[in-house]
Amino acid sequence: MPRNVYAAEHEDFRASVAEFVERTLKPRAEQMLEVKAVERDIWKEAGKQGLFGLDIPEEFGGMGAEDYRFNAIAAEVIAGFNFAVSSCFGIHSDVCPPYIVDLGTQEQKERWLPGMANGELIAAIAMTEPSGGSDLAALKTTAVRDGDHWVLNGSKTFITNGYQADLVIVAARTDPSKGAKGITLLVVEEGMEGFTRGRKLDKVGQEEADTSELFFEDVRVPDSNRLGEEGMGFIAMMQRLPQERIGAAVANTAHAFQIFRETVEYTKERKAFGQPVGSFQHNKFKMAELLTKLEVTQAYVDDCIAAHAEGKLTPVDAAKAKWFSAQVQNEVLDECVQLHGGYGFMNEYRVARAWRDARVSKIWAGSNEIMKELIGRDLGL
């Protein structure tokens, strides 16, 4: 089915992102896997190519595209290359900038946005805590006002880009008596005394992503690093989670589609009992099912992309796109592993790594169960 969400200028941008993948990312694929990180020079090169400034106004060094379809194009192309790199770049360029663009003061924008746009400053957002999971309203990290500073204490975990991040948007409880209305966002910067990082977490997949624990021990954060109004952090996060979730849906779908295409080619070449394995009726029917699932998912995700570009995407529709695309992605990749046979279980094969990388998509950005809870509440249940 033709996709109608993109125009010629978006496809031109797709070509430039694809060129970046071929020139910069693919030659470094094995190295990123070995060091379990996207190294600094790659971040800077991506910044030079304009991949990080799509949501950042031109006056602060960004592209000021003001069209989410460009973000979606970048997510599609990078996810088709590598799901972990897509998650690192997505957090930095798709999730974090809107907080600073929308909530930041002029001084904050001038201080942080140019470096984020050019890849000099790597950004992360720290919501999840060791005991909290998806329950953002139950944060235990605290920040107590002390003159012109906040004294921050607590810890965060599963933080993408956490090990390298120069800027971390931290959600902290500033008024324990107000529940969700007592949460404030603070920007913690590399070098602040008392801010330390734990080990790079040993994950099942997404090995290229430097995911880590973060610790805050009496970190004195100046009030000038507060994002938005005191006590409005939870609302700010809820308002911006739809963009994170549609971004996840875009990457989920693109990643699954790419591995499916590669699997189709594999089944044409791999032979068993004297014929290509794809020619067996069961396998042929299975791939027909997978393609249909992917195209139906893509159609809904495309509608969500178009809606978000117009500022009309609802949190509930973003939740639908997030959970369903994650589910389909995992179903498709599991079948792709099966179609590869024993080779599908070997780490040297891309399909095996993709299968492992994808499993977390049903957990992060709000677990699939939380997404269904949001949808169910919207039904009045």
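**View 1. Glu193 and the residues it touches.** Glu193 touches Asp218, Val219 and Arg220, not counting residues up to four places away in sequence. Touching, or contact, means heavy atoms within 4.5 Å. This is a predicted model, in which local features need pLDDT of at least 70 and side-chain atom pairs count only at pLDDT 80 or more, while totals for chains, interfaces and linings use all residues. Residues are numbered from 1 along each chain as its sequence is written, and side-chain values use heavy atoms, with hydrogens and water left out. Glu193 sits in the loop between β5 (183-189) and β6 (195-200). Helices (H or I, at least four residues) and strands (E, at least two) are DSSP runs, numbered from the N terminus. Glu193 is exposed, at 72% relative accessibility. Buried means under 20% relative accessible area, exposed over 50%, and partly exposed in between (1.4 Å probe, protein chains only). The C-alpha atoms of Glu193 and Gly47 are 28 Å apart.

**View 2. Strand β7 and its partners.** Strand β7 covers residues 211-222 and includes Thr211. Strand β3 (residues 149-160) pairs with β7 in the antiparallel sense over 9 bridges. Two strands pair if DSSP finds at least two bridges between them. Val151 has Arg220 of β7 as its bridge partner. β6 also runs antiparallel to β7, joined by 4 bridges. Here Arg197 stands opposite Leu214 in β7. Is Thr211 buried or exposed? Thr211 is buried, at a relative accessible area of 7%. Leaving aside neighbours within four places in sequence, its contacts include Phe158, Ile159 and Leu201.

View 3. Helix α12 spans residues 368-378, and Asn368, Met371, Ile375 and Gly376 in it are buried. Seen down the axis of α12, these buried residues fall within an arc of 135°, so they line one face of the helix. The arc is that of the directions from the helix axis to the C-beta atoms. Exposed Glu369 and Arg377 are on the face turned away from the buried side. The cover over the buried residues of α12 includes α8 (233-269) and α10. Gly380 follows α12, with a positive phi near 85°.

View 4. Arg14 forms a salt bridge with Glu11, with the closest N and O atoms 2.8 Å apart. A salt bridge is a side-chain nitrogen of Lys or Arg within 4 Å of a carboxyl oxygen of Asp or Glu. Arg14 and Glu11 are 3 residues apart in helix α1 (residues 8-25), so about one helical turn separates them. Glu19 and Arg23 form another salt bridge (3.4 Å, N to O). They are 4 residues apart in α1, again about one helical turn. Glu19 is partly exposed, at 49%. Arg23 is partly exposed too, at 40%.

View 5. Which side chain meets Glu129 in a salt bridge? Lys156 does, at 3.1 Å, N to O. Glu129 lies in the loop between β1 (123-126) and β2 (142-146) and Lys156 in strand β3, so the pair ties together parts 27 residues apart in sequence. Both Glu129 and Lys156 are buried.
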